[in-house]
Amino acid sequence: MPIFLHNTLKRKKELFSPLDPTNVRLYVCGPTVYDFAHIGNARPYVIFDVLGRLLREIYPKVTYVRNITDIDDKIITASRKNGEEISALTQRTTQYFRDDMKSLGNIPPDVEPLATAHVKEMMSMIESLIEKEFAYESEGHVLFAVKNFPHYGQLSHCNHDEMIAGARVEIAPYKRNPEDFILWKPSDEGIPGWESPWGRGRPGWHIECSAMSLKYLGETFDIHGGGQDLIFPHHENELAQSQACFGPQTFARLWLHNGMLTVNGEKMSKSLGNFITMRQLLEKMPGELVRFVLLSSHYRQPLDWNDQTVLQSRQSLDRLYNALRGRILNSETRASESIKSALEDDLNTPFALSALHEIASQLNKTSDESEKNQLASHLKASGAWLGLLQQDPEIWFKGDQGVDEVEILSLINQRNDARANKNFAEADRVRDMLLKMGILLEDSSKGTTWRHV
Ligand code: AMP
Ligand code: ZN
């Protein structure tokens, strides 16, 4: 079965046909490293990991590049705030990111380029843009002249006037036009900077990805991915820079964007108090559970993170691991066709998860031991396509944290019911019981959360 993927550029699902079937090339924008990654950041990396797994099953070679953005003004601000050297900060947070990716069961990308190691490549791209008159120098800055690139807006499907009206562009004295964006900017003393033909400075964010994808994947490659928030301006600008250098039809042929993750129905933000880092989450629950939740809705849809979804996902994983428990597995068994066809249809992970449940149901129905073993092998092989069910079931049930998230959440529900019925003695009893288990409850207007004492 061929693969169909939704291309943001064309706004429709299209048949995936790689430029070079002997080497499928995929670029995903990596994290900006200055703090812990949050649960929303984890979504694209799990989704594109599943895409990588699917492509590797079908094609002999996949080159997956995911950069690390270690040059960014957010990094400079964080380093000042923490009183920490920039390189120490970026190395520390890059390591957090890699640890989180491992806990989520993601296969590392084939290349993980650092922006700081590719400034030379960025400069040479900027020089070529100036030469072709797609960019100009002004007061130590180099800007991309949006008006000179007629296809600008092709990815985000907006035109110049709409962009300016939407006030998504910054007006500055060194710009010819407000929509022009930065390729290079000057660095004051004490700020990271590289000597360049335009003085000591640093690259803008967008040119980083154009230069690194060029180096590792070439002028034209197959798939570019990221969250929907990156479509404009980041991806629109990457596309403009690269096509201005190499011509129309170059750069990524297919663009995939995941929907945004919300927490209890709201956009995640520090001020709303609903900001969840991967690190906090992984202290409470296994990475595989987080992964399951992230795959439980279709990647293009929004996904809400809430206790109910976590609980349901926990129950689903328990049911699937229960089917594997005590079974003699044959590692030669192939994955189910229904998993494969679900993923080939624009990465339909909810369908693929229900196909796993279908195998578990068949297994639970039969009393034939060899058929059960056969179905369990089939289940595990199918789970591998999603990066799930690869642990020893006994380890899954023992739980890596020593606390049972489902039990905690159901006790919290019990306490909430008691409080709603004004049975405060019962509510306090449940709270104390949790405290004895080492779990502290915290109530706020957003509901009850828990943490280890
Ligand atoms: P950043 O480090 O902010 O550049 O983000 C890394 C990745 O996370 C990008 O692909 C973003 O599109 C994605 N991302 C950020 N916030 C969310 C969110 N709330 N839901 C889903 N993806 C997100
Ligand atoms: Zn990028």
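A: In this predicted model, ligand 1 is surrounded by 15 residues, and the closest are Thr-32, Gly-40, Gly-227, Asp-229 and Leu-261. By class, six residues of this shell are nonpolar, eight are polar and one is charged. An oxygen atom of ligand 1 lies 3.0 Å from a polar backbone atom of Gly-227, and an oxygen atom of the ligand is 3.2 Å from an N or O atom in the Asn-41 side chain. A nitrogen atom of ligand 1 is 3.4 Å from a polar side-chain atom of Asn-258. On its own, ligand 1 has 490 Å² of accessible area, of which the protein covers 86%. Two or more residues of the shell come from each of helix H1 (39–58) and strand E9 (220–227); H1 supplies the largest share, four residues.

The other site holds the zinc ion (ligand 2). Its donors are Cys-29 (SG), Cys-209 (SG), His-234 (NE2) and Glu-238 (OE), at 2.0 to 2.2 Å. Along the sequence these donor residues follow the spacing C-x179-C-x24-H-x3-E. The arrangement of the four donor atoms is irregular because they subtend angles of 76 to 127° at the zinc ion, whereas a tetrahedral assignment needs all angles between 85 and 135 degrees. His-234 and Glu-238 both belong to helix H7 (residues 231–246); they are four residues apart there, so about one helical turn separates them. His-234 counts as buried because its relative accessibility is 1%. Glu-238 is also buried, with a relative accessible area of 0%.

Technical notes:
Residues numbered from 1 in each chain as written. Chains lettered and ligands numbered in written order. Predicted model: local features only at pLDDT ≥ 70, side-chain atom pairs only at ≥ 80, totals over all residues. Heavy atoms only, no water. Near = heavy atom within 4 Å. Polar contact = N/O pair within 3.5 Å; in protein donor to acceptor, adjacent residues only side chain to side chain. Areas by Shrake-Rupley, 256 points an atom, 1.4 Å probe, with all protein chains shown as cover. Nonpolar A, V, L, I, M, F, W, Y, C, P; charged D, E, K, R; others polar. Donors = N, O, S within 2.8 Å, 3.2 Å for Na, K, Ca; no water. Tetrahedral: all angles 85-135°; square planar, octahedral: opposite > 155°, others 65-115°. Buried < 20%, exposed > 50% of the residue type's maximum accessible area, 1.4 Å probe, protein only.
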